[in-house]
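Welcome, and thanks for taking a look at this one with us.

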Amino acid sequence: MTPHEIRELLYQQLIPALPVPFTSARIIHHDSHVRMAEYMNDMPIGGVTVWAHTGRGLYLTEEERTEVLAHWRESLPKGMVIAGA
């Protein structure tokens with residue numbers, strides 16, 4: 001997609017920035033992550049932003065970032081997933 005097409009697709013859409021939930025052992029809390037994704041899929045949003053100002057993207061390994069991004073893409077088939085760290 002071109003930047004113009006993306007802008008048109010997301011015009012006046014809500015794009016929440018979401019944290020990656022961790023356990024106290026600093027491991028991704030998969031159950032919470034799955035529940036959050038399922039919940040957000042039912043919301044009237046244009047997509048989600050992960051690893052943004054929540055600050056957690058800097059603390060994820062490459063494997064964890066790959067896992068989180070893949071899960072959001074799967075969970076929001078009609079929504080945009082914006083990722084940055």
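At 1% relative accessibility, Trp72 counts as buried, where buried means under 20% relative accessible area, exposed over 50%, and partly exposed in between (1.4 Å probe, protein chains only). Please keep in mind that this is a predicted model, in which local features need pLDDT of at least 70, side-chain atom pairs count only at pLDDT 80 or more, and totals for chains, interfaces and linings use all residues. Residues are numbered from 1 along each chain as its sequence is written, and side-chain values use heavy atoms, with hydrogens and water left out.

**Trp72 and its surroundings**

- Trp72 is found in helix H3; helices (H or I, at least four residues) and strands (E, at least two) are DSSP runs, numbered from the N terminus.
- What does Trp72 touch, not counting residues up to four places away in sequence? Its contacts (heavy atoms within 4.5 Å) are Leu18, His33, Met36, Ala37, Met40, Val48, Val50 and Val81.
- Between Trp72 and Ile82 there are 9.8 Å in space, C-alpha to C-alpha, and the two are 10 residues apart in sequence.

**Helix H3**

- H3 (62–75) has 14 residues and reaches 20 Å from its first C-alpha to its last, close to the 20 Å expected at 1.5 Å a residue; the expected span is 1.5 Å times one less than the number of residues.
- The buried residues of H3 are Glu64, Val68, Leu69, His71, Trp72 and Ser75. They cover an arc of only 160 degrees around the axis, so they sit on the same side of H3; the arc is that of the directions from the helix axis to the C-beta atoms.
- On the other side of H3, the exposed residues are Glu62, Glu63, Thr66, Arg73 and Glu74.
- Packing from the buried residues of H3 involves E1, H2, E2 and E3.

**Helix H2**

- H2 covers residues 30–41, and its 12 residues reach 16 Å from first C-alpha to last, close to the expected 16 Å.
- Which residues of H2 are buried? They are His33, Met36, Ala37 and Met40, and their arc of only 100 degrees around the axis puts them on the same side of H2.
- An α-helix has 3.6 residues a turn, so residues three or four places apart point the same way.
- Asp31, Arg35, Glu38 and Tyr39 are exposed on the face of H2 turned away from its buried side.
- Strand E1 (17–18) and helix H3 are what the buried residues of H2 pack against.

**The sheet**

- Three strands make an open sheet in the order E1-E2-E3, with parallel pairing; two strands pair if DSSP finds at least two bridges between them.
- E1 and strand E3 (80–83) are the edge strands, each with a single partner strand, so one side of each has no neighbour in the sheet.
- E1 and strand E2 (residues 47–50) run parallel and are joined by two bridges, and Ala17 has Thr49 as its bridge partner in E2.
- Thr49 is buried, with a relative accessible area of 15%. Leaving aside neighbours within four places in sequence, Thr49 is in contact with Ile15, Pro16, Ala17, Leu18 and Ile82.

**The nonpolar core**

- The largest nonpolar core has 16 residues, and Val48, Trp51 and Trp72 have the most contacts inside it. Such a core is a set of buried Ala, Val, Leu, Ile, Met, Phe, Trp, Tyr and Cys residues joined through side-chain atoms within 4.5 Å.
- At least two residues of this core come from each of H2, E2 and H3.
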